[in-house]
Amino acid sequence: MRQEFIRTLKEQIKEGAVMEQEPMSRHTSFQVGGPAAFFVEPGNRRELKAAIELAGEQEVPCFVTGNGTNLLVSDEGYDGLIIHIGKLLSGISVSDNLVEAEAGASLAKIARAAHEHGLSGMEFAAGIPGSLGGAVAMNAGAYGGEMKDILIDVDVLTPEGEFLRVPAGQMDLSYRHSCVFERDYIVLGARMSLTPGDPRQILDRMNELAARRREKQPLEYPSAGSTFKRPEGYFAGKLIQDAGLKGYTVGGAQVSEKHSGFVINKGGAEAEEIRFLIRQVQKKVGRQFGVMLETEVRFLGF
Ligand SMILES: Cc1cc2nc3c(=O)[nH]c(=O)nc-3n(C[C@H](O)[C@H](O)[C@H](O)COP(=O)(O)OP(=O)(O)OC[C@H]3O[C@@H](n4cnc5c(N)ncnc54)[C@H](O)[C@@H]3O)c2cc1C
């Protein structure tokens with residue numbers, strides 16, 4: 001059955017790439033995670049749809065990834081098909097105030113394109129290392145901006161195999177949330193509305209935010225950014241620090257000494273160590289302050 005699956009998949013995917021037993025540590029910013037049984041990077045929308053349909057027909061579980069910057073994959077890996085939306089689906093075009101991009105385009109590249117065209121509104125996203133697809137799914141945001149502020153509409157593939165253009169107002173965008181997960185949408189691309197601005201000022205703002213990131217965040221270590229969502233009325237990092245957990249270490253996983261809201265891979269961490277550490281932080285903060293920290297990081301294969 002599995003042999004038949006990979007054979008048919010390879011027949012369908014010509015522009016893209018198909019791999020077996022692909023280590024997910026190569027595709028996640030934590031740099032941990034065991035192999036995906038099947039890993040495909042579709043070269044176009046038709047190949048993406050074909051891969052999904054084939055997985056459905058042959059009852060192979062399926063999961064979509066972008067840049068893997070908000071993802072912890074188990075050490076055992078994922079016994080299914082990873083559909084990686086990356087460089088092969090990453091076109092960006094700009095006309096007037098409108099930026100249109102495919103899901104695999106990185107936020108950094110989109111922000112650069114906006115800057116080059118004298119368009120303001122993407123500065124907040126320039127330092128977020130995700131893809132557009134992941135950013136829409138997560139409603140990524142930083143420094144007072146979020147995807148919700150700029151999205152006009154989103155192109156998706158529905159679980160029924162339909163290509164739809166969904167207005168941003170119907171995407172249920174809120175703090176680090178969209179309807180992508182509940183509706184099992186695959187984000188294919190999006191259109192964003194920006195405003196004309198002075199390129200010099202846009203660049204200054206991007207540089208200022210990048211400097212703030214370098215100063216506050218442990219960018220020198222693999223991580224998935226802020227591990228936890230901001231609980232209402234609190235800051236996750238402050239609660240963790242106040243619970244005495246700054247620098248708390250489990251094997252190669254550590255609560256960053258630079259920013260307690262980041263769990264980092266200090267070197268050679270296993271996914272299980274990261275997950276255990278996250279659980280311990282949740283328990284200790286819960287016990288001490290009565291606040292349940294919800295993870296922003298998503299888990300796969302546990
Ligand atoms: C150093 C660092 C700093 C960060 N700073 C920020 C920050 O300031 N603000 C912020 O919001 N986040 C931040 N992040 C987290 C992360 O970059 C964002 O959540 C980003 O939007 C995730 O995009 P991705 O492509 O990496 O998604 P992935 O990690 O690949 O996937 C995340 C989730 O989105 C889903 N997904 C991905 N692509 C698609 C698609 N095309 N269609 C449907 N679902 C999809 C996946 O299934 C998964 O559930 C940071 C991460 C790091 C490592």
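A: Four residues of domain 2 are in contact with four residues of domain 3, contact meaning heavy atoms within 4.5 Å. The model is a predicted one, in which local features need pLDDT of at least 70 and side-chain atom pairs count only at pLDDT 80 or more, while totals for chains, interfaces and linings use all residues. Residues are numbered from 1 along each chain as its sequence is written, and side-chain values use heavy atoms, with hydrogens and water left out.

The domain assignment of the protein places domain 2 at 90-201 and domain 3 at 221-300, such bounds coming from an automatic or database assignment. The C-alpha centres of domain 2 and domain 3 lie 28 Å apart. Between domain 2 and domain 3 the buried area is about 470 Å², with 55% given by carbon and sulfur atoms; buried area here is the accessible area (1.4 Å probe) that two parts lose on being put together, summed over both. On the side of domain 2, the residues that lose the most area to domain 3 are Met138, Tyr175 and Arg176, which together account for 82% of what that side buries.

Across this interface of domain 2 and domain 3 the rule finds one salt bridge, that is, a side-chain nitrogen of Lys or Arg within 4 Å of a carboxyl oxygen of Asp or Glu. Arg176 forms a salt bridge with Glu296, and the closest N and O atoms of the two are 3.7 Å apart.
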